[in-house]
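Biologist: Could you walk me through this model before I start working with it?
Modeller: Gladly, and here it is.

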Amino acid sequence: GKMGKSLKNSVSPDEMAENFGADTLRVYEMSMGPLDQSRPWATKDVVGAHRFLQRLWRVVVNEETGEVHVSEDAPEGDVAKALARAVAGVREDYAELRDNTAIAKLIEFTNTLTKAFGSGGAPREAAEALVLMVAPVAPHVAEELWSRLGHEVSLAHGPFPTADESLLVDDTVEYPIQVKGKVRSRITVAAAASPADI
């Protein structure tokens with residue numbers, strides 16, 4: 001049903017911020033869909049935004065000790081490619097005011113770091129880029145993480161990360177092999193391969 005003051009079924013933003021935090025409320029509202037369209041409110045879905053911010057926190061801070069646990073190693077392989085794709089995609093989404101798709105890309109990149117490094121050791125470059133990209137939608141958490149990463153100046157004055165263009169191009173392409181309309185196998189070939197070689 002509809003929500004409204006006259007129906008006495010509205011949800012107070014103050015109550016939501018008290019229960020989940022202002023950043024969770026901001027992330028949830030911005031991830032619901034395009035800003036120019038009306039969207040149904042579902043209080044139970046706020047938990048998803050809260051979990052995302054918790055995973056973001058764990059990428060940078062060890063929950064048990066409270067210490068920052070990032071490595072000084074440079075991102076490599078799939079993580080470097082995921083970082084470049086996230087930076088390029090989020091930059092474009094913010095420029096076009098597509099906060100919902102930017103948040104989806106941030107969640108995806110956070111999940112990539114969590115899977116790759118588990119309980120800690122994500123590269124500082126990747127963690128700092130993630131914190132800078134999250135700042136427009138979750139400024140309080142981002143500012144705290146930025147400070148814990150050793151920066152004395154607010155991230156509001158920091159530059160937005162830039163993507164390494166060379167990592168945005170795929171080296172390989174995966175082709176499905178179909179027989180009688182059913183996928184039987186998949187092959188991975190170089191992106192520059194000729195049709196004859198494929």
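Modeller: Before any element is named, helices (H or I, at least four residues) and strands (E, at least two) are DSSP runs, numbered from the N terminus. This is a predicted model, in which local features need pLDDT of at least 70 and side-chain atom pairs count only at pLDDT 80 or more, while totals for chains, interfaces and linings use all residues. Residues are numbered from 1 along each chain as its sequence is written, and side-chain values use heavy atoms, with hydrogens and water left out.

Biologist: Where is S71, then, and is it buried or exposed?
Modeller: S71 is found in strand β1, residues 70-71, and S71 is buried, with a relative accessible area of 17%; buried means under 20% relative accessible area, exposed over 50%, and partly exposed in between, with a 1.4 Å probe and protein chains only.

Biologist: What is S71 in contact with?
Modeller: Leaving aside neighbours within four places in sequence, S71 is in contact with G121, A122, P123 and R124, where contact means heavy atoms within 4.5 Å. A polar atom of the S71 side chain also lies 3.2 Å from the backbone oxygen of G121.

Biologist: Switching to α2, which of its residues are buried?
Modeller: In helix α2, residues 22-31, the buried ones are D23, T24, L25, V27, Y28 and M30. What covers them includes α1 (13-20), α3 (46-60), α5 (99-117) and α7 (139-148). After α2 comes G33, whose phi is positive, near 155°.

Biologist: How do α2 and α3 pack?
Modeller: Their axes are 8 Å apart and the packing angle is about 115°; the axes are lines fitted to C-alpha atoms, for helices over the stretch in contact, and angles run from 0 to 180 degrees between N-to-C directions. From α2, the residues D23, T24, V27 and Y28 meet V46, A49, H50, F52 and L53 of α3. The residues of this contact divide into six nonpolar, two polar and one charged, counting Ala, Val, Leu, Ile, Met, Phe, Trp, Tyr, Cys and Pro as nonpolar, Asp, Glu, Lys and Arg as charged, and the others, Gly among them, as polar.

Biologist: And which residues have the most contacts inside the largest nonpolar core?
Modeller: They are V27, V60, L106, F109 and V131, in a core of 45 residues; a nonpolar core is a set of buried Ala, Val, Leu, Ile, Met, Phe, Trp, Tyr and Cys residues joined through side-chain atoms within 4.5 Å. At least two residues of this core come from each of α2, α3, α4 (77-95), α5, α6 (124-134) and α7, and the largest share, eight residues, is supplied by α6.

Biologist: What does V131 touch?
Modeller: Not counting residues up to four places away in sequence, V131 touches V60, A142, L145, W146, L149 and L155.

Biologist: Where is L155 found?
Modeller: L155 is in the loop between α7 and β3 (172-179), and with a relative accessible area of 9% it is buried. The C-alpha atoms of L155 and A142 are separated by 8.1 Å, although these residues are 13 residues apart along the chain.

Biologist: Last topic, which residues have a positive phi although they are not glycine?
Modeller: Among them are L97, with a phi of about 60°, and K180, with a phi of about 55°. L97 is found in the loop between α4 and α5 and is exposed at 60% relative accessible area, whereas K180 has its place in the loop between β3 and β4 (182-190) and is exposed at 82%.

Note on methods. Polar contact = N/O pair within 3.5 Å; in protein donor to acceptor, adjacent residues only side chain to side chain.
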